[in-house]
Number of protein chains: 4
Amino acid sequence: MPAKLKAAVLGSTGYTGLELTRLLLRHPRLEQPALLQREKQTDTACNLAEMFPVLSGNGSYPLQPLSWPALRQQGVQLLFLATPHQASRSLVPEAIAQGLRVIDLSGAWRLKREQHRAVYGFEDADSVAAADVTEMAIYGLPELHRDQIPGAALVANPGCYATSVILALAPLLAAGIIDRERGIISDSKSGVSGAGKEPNSRTHFVSVADNLSAYSVFGHRHVGEMLEQLQLNTCELIFTPHLLPIPRGILSTIYVHLNREMKAGEVESCFRDFYAGRRWVRIFATPKLPQIQFSLHTNYCDLGFCLADDGRRLVLVSCVDNLLKGAAGQAVQNMNLMYGWKEEEGLQ
Amino acid sequence: MPAKLKAAVLGSTGYTGLELTRLLLRHPRLEQPALLQREKQTDTACNLAEMFPVLSGNGSYPLQPLSWPALRQQGVQLLFLATPHQASRSLVPEAIAQGLRVIDLSGAWRLKREQHRAVYGFEDADSVAAADVTEMAIYGLPELHRDQIPGAALVANPGCYATSVILALAPLLAAGIIDRERGIISDSKSGVSGAGKEPNSRTHFVSVADNLSAYSVFGHRHVGEMLEQLQLNTCELIFTPHLLPIPRGILSTIYVHLNREMKAGEVESCFRDFYAGRRWVRIFATPKLPQIQFSLHTNYCDLGFCLADDGRRLVLVSCVDNLLKGAAGQAVQNMNLMYGWKEEEGLQ
Amino acid sequence: MPAKLKAAVLGSTGYTGLELTRLLLRHPRLEQPALLQREKQTDTACNLAEMFPVLSGNGSYPLQPLSWPALRQQGVQLLFLATPHQASRSLVPEAIAQGLRVIDLSGAWRLKREQHRAVYGFEDADSVAAADVTEMAIYGLPELHRDQIPGAALVANPGCYATSVILALAPLLAAGIIDRERGIISDSKSGVSGAGKEPNSRTHFVSVADNLSAYSVFGHRHVGEMLEQLQLNTCELIFTPHLLPIPRGILSTIYVHLNREMKAGEVESCFRDFYAGRRWVRIFATPKLPQIQFSLHTNYCDLGFCLADDGRRLVLVSCVDNLLKGAAGQAVQNMNLMYGWKEEEGLQ
Amino acid sequence: MPAKLKAAVLGSTGYTGLELTRLLLRHPRLEQPALLQREKQTDTACNLAEMFPVLSGNGSYPLQPLSWPALRQQGVQLLFLATPHQASRSLVPEAIAQGLRVIDLSGAWRLKREQHRAVYGFEDADSVAAADVTEMAIYGLPELHRDQIPGAALVANPGCYATSVILALAPLLAAGIIDRERGIISDSKSGVSGAGKEPNSRTHFVSVADNLSAYSVFGHRHVGEMLEQLQLNTCELIFTPHLLPIPRGILSTIYVHLNREMKAGEVESCFRDFYAGRRWVRIFATPKLPQIQFSLHTNYCDLGFCLADDGRRLVLVSCVDNLLKGAAGQAVQNMNLMYGWKEEEGLQ
């Protein structure tokens, strides 16, 4: 049995960070990870098992202040950042300079093109250091970039909506069968944990329950990732997110026109061929369709479709658990690839 | 003060029928309506106030068996049918022969074209009597057919999804500004009361809660109404319904391409002009969008939109309460027009 | 037709205040009420119809700064305060000095005994002015204090939990059939609107959904009201509130021992006699029990019970809509009594 | 590594059976279990992975008809019954006669006393065979009967409500500090999966959502287990179950009077001492209280309490996931004890 890996997590008190920590705590290849908090919070420091009763009963999970020398001393090799994108933007170059490998769950390093990055308003947008880090970042969607992830120093873990949309469209775009000129539409719906833990009037129970609302129409930050990864032009994709009255889960209903008449079996083959051997994508045979419940609490992306009688109009349905395949689960999947382990280790 | 109208309701124990009954019970122009049940159920007959505690405390609401002579004797002039479409299909011709005016809340008489009606599988599809009744039926969407409803003997009350979609698209189609060749998509989401009161595995709480699912893709019965009312060809509209984990409310997110570049103000004017003077449609000025909560427990259809920077791609959001503007409220609105009352009587 | 009353509301943007405003806007005896905000908020002033789309479509509801001269000029006679208790504590004496009648929906003036009032931490607890106002305040539970409300200058509108508990117990205590020494327990459950509109980690959707939690055990502020109104000693009542994953509604399950063996019919008669002629209490005949849905969106308090075979142990179930009979609806009921109108005006 | 155990499950398509099957499929000590269905259903036979998409992606789970020779041939040693109690009542004697060990998740064999068993209406109540099996059945609450479970031929797995109530009260009753004459009250609330998978008007989404209801007051079947295990008389315990608008989870709020004045620390010690070394009970230090979310998707029973200032009145809060510690998880825990494995194997 080889020595276990020592990893660290910054941001373990958010929804994504907590889910990630729970996965790492039971991962068979890992020592208990170091749980970090930024210095200014240290005075309120405490123990994750006390803050989150759901974690209690199995031991103690003290938080420690982030300190590069301390991480080195503890033998930490891999750093997970479950932090706001501004924090990741400044911390990642430091961490890499310290010789750490990094999996960043924020949007800080996902985008190559300045035009898309603009939505994040990074002040360092054109610095040399940022450009270097941008250059080395691998977009951590294992189903698309499996070959690049093992050697990566920095994995930029995809957004939750982006994961659901990109995985649904990649096989069809790769096969060249989408009529891109007619436009692609993703009508996506997400549970509230996707909106983060910060209490505000939008996330108040009374605002969400018995409700549904669209938001950020033509203006959501995840669109940039989708366009870059799918190599689409801005006008070729409309993405409309909605806030569902459920804690977690994403369902994207995606509309495309095919550029030739196809049969359902051909469409299904297109998906099956593209994802052959990929552990965490499940293809549904028509007329079955994914539902949010099916992939909840799993790392699966579930894909299904309906083809119109004309063989041209195609409706795709893609589901992920936004905290797992859409965030923490995918981060673990990326770690598994980075260290040469099986893609499903610690995820079942 | 003129004499009050005597109406009757068949099917007051379903979700729609109960909502309708509650509206009629407090309508200022009506006597207490006769509440009917079909004969085979008479042995279990009882009182609506006992069956539904929510109704108790204000009086007694006994159910009586449906009998044409009894209705005549009670002076009933108007019959509401909140029955399955097969029942409405056989009852409406009888009721009209009895000289009653009818508002039918089922899908039995909404469609003119045989091709669309086929989805209902009516056995009488080509009988002379059915053709006559089909001919006289007015589609009860007051915002489109206000002039025809006052004189109608039979009003076919629209479907809930259809109401949300047709009201969103009618102004733009009337103005001729939609590029119909590029296709229209309605991604619609409904609360569970829209699926009816019959318990089954789909409506079990555990199946719906924490979930979202698409269903009847390319095959929902309400599509026929939408196509007929909007004068669209089958291939010009994709309609995808979803089941939301909420009791009531519909939100339709609708995607269209405009055939010329427009400004948001022009789009808003198109809606405002079309619905000028119409009491039960509310137009939201961009960037505000309707949410399901806003129209819940009201008879409003709320309409909003987002226009892309290119002035061509338009996302519409349309919300109705499926039991009110999508069913019972609209039926009352139709009654108000049939009898020359204000459109909002009994609906505030 | 007599002249209509001019009322004013301070705090119409909270859950209770908004519900109250909606009731007042359609109350047949009232002019459109003046909607007030405290001065410091005036710079962000605006229109209620814009802030709450649910209110739009019927007119304009501008907010105006609270100013005694302006209220006098507008002929305001009655002031509703839907404000935090500290604000009510300072505003009520001023308003009364101005000659206004007041219905205060906060906890500021509900309690007579200093010992109970202590939980609110009023700084003025022993001032002469406060003592005078405390003296004149009538606890606004119409089913108990109907005779005193018509002449009241100040009505202290009851708490939502207190309403559900007091109405369930008052008949049995008045009849002297409860064995008080064995203790009374109210296990109460409330929807989230009862926790107020302020976003915090407790009211975040993800904290509430799929959850249930007890809170403020042995320490909830409403206990004082219950003890005073029911004339119980502290040790005779245990009250445990719970937070339900629903927007609104309260169900209290209450456990008492009877001091003699009774039959279900006797218990039912005790309730029916006590509430004879009371419009807004509904008694359920055993074995039927109230559920939260039955009284939702109504001003009813629903009461039911189960008696053990031994005729001694009694379980009561009491339901109210916390925003209506538990707050805004009861305030309107109090107004109706203050001005000699029917108890149900504007509440159906 | 010793040979793995071959187990079988009858009833894997219900909520409890499916949860159990998922646990068994990933249990490190087990071969893939045989999944059984009763013969009359065989014609609709199929594969669990097809019926439940949540299970797909990891292999094939065919259902096979229940046949004793086939089970013997496959080397099955342990049979789980997740069947209605009538079915368990007839199957268990047969299975034991075949030499199988059995864990029965129904209520068929939990009760020793005829008086309690009467609520189930077993026709064989006084047969010799039934008496023999009743005699050998061990009530499978490991925290109480750890010593008897290893040698058991038949484990009667406890009810979900019973688990939450018994575990909360056992330490205090064992210590003799409860004033039993004053009565014990358990006000319990459960998610809908506890009501079973059969669709009916009570489990329809629209009936449950935005609602809370008490049911089976003074008449729930689980009371018998509680009385027997806690050695209480009927009049000493009131149990009131409620249906919560959530899919899963139970919270019991339990009220007791102590027979002497105690301090919170003493109460906590009473719990900690009783459950020392017990892996699946977590004690919360006051003022922290369990919430349903904390134990969801775990096998923990979480226990907390609040003691009144008088040191006499005690409120206990007990939470379990009704499908895990309340059913399938506890069954696995029992299996672990029966075969001498660690209590937490396959449950983390």
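Guide: A residue is called buried if 20 or more other C-beta atoms lie within 10 Å of its own, exposed if 12 or fewer do, and partly exposed in between, with the C-beta atoms placed from the backbone. Helices (H or I, at least four residues) and strands (E, at least two) are DSSP runs, numbered from the N terminus. The model is predicted, so local features need pLDDT of at least 70 and side-chain atom pairs count only at pLDDT 80 or more, while totals for chains, interfaces and linings use all residues. Residues are numbered from 1 along each chain as its sequence is written, and chains are lettered from A and ligands numbered from 1 in the order in which they are written.

Visitor: Which elements do the buried residues of α1(C) pack against?

Guide: Packing is read here from contacts, two residues being in contact if their C-beta atoms, placed from the backbone, lie within 7 Å. The buried residues of α1(C), among them Tyr15(C), Leu18(C), Glu19(C) and Leu24(C), pack against β1 (7-10), β2 (34-37), α2 (48-51), β4 (78-81) and α13 (328-338) of chain C, and also against α9 (205-208) of chain A.

Visitor: How should I read the overall form of one chain, and what is the radius of gyration of chain A?

Guide: The radius of gyration is taken over C-alpha atoms, and the globule rule is 2.2 Å times the number of residues to the power 0.38. For 348 residues a compact globule would have a value near 20 Å, and chain A, at 20 Å, agrees with that. Its C-alpha trace spans about 65 × 45 × 45 Å along the principal axes, and chain A holds 13 helices and 14 strands. Buried residues account for 55% of the 348 residues in chain A, and among its contacts between residues at least 6 apart in sequence, 69% join residues at least 24 apart.

Visitor: Which domains does the assignment give for chain A?

Guide: Domain bounds come from an automatic or database domain assignment, which gives domain 1 (7-157 + 327-338) and domain 2 (160-320) for chain A. The C-alpha centres of domain 1 and domain 2 of chain A lie 26 Å apart, and 18 residues of domain 1 are in contact with 19 residues of domain 2. On the domain 1 side, the elements giving two or more residues are α7 (142-145) and α13 (328-338) of chain A, and α13(A) provides the largest share, 3 residues.

Visitor: How are chain A and chain B related, and how many residues does each give to their contact?

Guide: Copies are superposed by least squares on the C-alpha atoms of residues with pLDDT of at least 70 in both. In chain A, the C-alpha nearest the axis belongs to Arg182(A), 3.2 Å from it. The contact takes 32 residues from chain A and 32 residues from chain B, and because 100% of the interface residues of chain A are also interface residues in chain B, the copies meet through the same surface.

Visitor: What can I say about the contact between chain C and chain D?

Guide: There, 32 residues of chain C are in contact with 32 residues of chain D. The elements giving two or more residues to the chain C side include β8 (184-190), β10 (237-243) and β14 (313-320) of chain C. That side divides into 20 nonpolar, 6 polar and 6 charged residues, where Ala, Val, Leu, Ile, Met, Phe, Trp, Tyr, Cys and Pro count as nonpolar, Asp, Glu, Lys and Arg as charged, and the others, Gly among them, as polar.

Visitor: Which backbone features deserve a careful look?

Guide: Most residues other than glycine have a negative phi, and most peptide bonds are trans. Phe218(A), although not a glycine, has a positive phi of about 60°; this residue is found in the loop between β9 (213-214) and α10 (222-230) of chain A and is partly exposed, with 17 other C-beta atoms within 10 Å. A cis peptide bond joins Thr286(B) and Pro287(B), with omega about 15°, and Pro287(B) lies in the loop between β12 (281-283) and α12 (292-295) of chain B. In chain C, the peptide bond from Thr286(C) to Pro287(C) is cis, with omega near 10°.
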